[in-house]
Amino acid sequence: MSLLTLLPFIVLIGAMFLMTRSAKKKQQQAVDMRNQMQPGSGVRTIGGVYATVKEVHEDTVLVDAGPGVELLFAKNAIGAVLTDDEYNRIVHGVEHDLKSDADIVPDDASSLTGTEDSAAESGADDKAVDLGKKDAADAPAGDDAPADDTPAAEAKTDAEPKKTDGGSEAK
């Protein structure tokens, strides 16, 4: 056998070795993370429950998920051990202010374009816009039908399809 025929098998075995090595590395990191849990640490379970560690045993963890709610989880069910800042931000909505308020970008562009007062001064009113189409109820009392040159009459003639008698003009 030549080296060229063995090359695909060697590449396949090498890829399998690298994949199992990276999987073992991730498993070891997860075990180390779970072993670093201490009472008072904030955790997230693999089911998405955020809680505070109360007691850590050999294979289980007792967590406090709220007032009067204590849950017992297997250590393998802990998905992440959170920092205090991250846990408070997620659970309590407390933001840790690392930057000044001047660096915060607004969610909308209203502060970039001006205030509401400047919009009122520039003539932007909330009046209804007349698009030229009028109903019969809006027509003046003296006119029974609109004139042929008004936009409303043009709109009615354009909107109504013409009826033909089946193509008598084509004969």
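Which residue in S4 is the bridge partner of Thr-60? The bridge partner is Ala-74, and that pair is a handy way into this predicted model. In the model, local features need pLDDT of at least 70, side-chain atom pairs count only at pLDDT 80 or more, and totals for chains, interfaces and linings use all residues. Residues are numbered from 1 along each chain as its sequence is written, and side-chain values use heavy atoms, with hydrogens and water left out.

**The chain as a whole**

- The secondary structure comes to five helices and five strands; helices (H or I, at least four residues) and strands (E, at least two) are DSSP runs, numbered from the N terminus.
- Read from the N terminus, the elements follow the order α-β-β-β-β-β-α-α-α-α.
- Of the 171 residues in the chain, 12% are buried; buried means under 20% relative accessible area, exposed over 50%, and partly exposed in between (1.4 Å probe, protein chains only).
- Among the contacts with a separation of 6 or more, 37% come from residues 24 or more positions apart, where contact means heavy atoms within 4.5 Å.

**The sheet**

- Five strands make an open sheet in the order S4-S3-S2-S1-S5, with antiparallel pairing; two strands pair if DSSP finds at least two bridges between them.
- Strands S4 (69–74) and S5 (78–82) stand at the edges with a single partner strand each, so one side of each has no neighbour in the sheet.
- From one strand to the next, the twist averages 40 degrees; axes are lines fitted to C-alpha atoms, for helices over the stretch in contact, and angles run from 0 to 180 degrees between N-to-C directions.
- S2 and S3 are antiparallel over four bridges, and they form a hairpin with three residues between them.
- Glu-55 has Leu-62 in S3 as its bridge partner.
- Strand S3 (residues 60–66) pairs with S4 in the antiparallel sense over six bridges, and Asp-64 has Glu-70 in S4 as its bridge partner.
- The hairpin of S3 and S4 has two residues between the strands, and Gly-68 there takes a positive phi near 80 degrees.

**A closer look at Ala-74**

- Ala-74 is found in strand S4 and is partly exposed, with a relative accessible area of 40%.
- Leaving aside residues up to four places away in sequence, Ala-74 touches Asp-59 and Thr-60.
- Thr-45 is 29 residues from Ala-74 along the chain, and their C-alpha atoms are separated by 9.8 Å.

**The helices**

- Helix H2 (residues 84–92) lies across strand S1 (42–45), strand S2 (50–56) and S5, and runs at about 135 degrees to S2.
- Leu-3 sits in helix H1 (residues 3–35) and counts as exposed at 65% relative accessibility.
- Leu-3, Leu-6, Phe-9 and Ile-10 make a nonpolar surface patch of about 420 Å².
- Patches are made of residues with over 30% relative accessible area and no salt bridge; like charges are joined within 9 Å, and nonpolar side chains (Val, Leu, Ile, Met, Phe, Trp, Tyr) within 5 Å.
- A salt bridge is a side-chain nitrogen of Lys or Arg within 4 Å of a carboxyl oxygen of Asp or Glu.

Notes. Areas by Shrake-Rupley, 256 points an atom, 1.4 Å probe, with all protein chains shown as cover.
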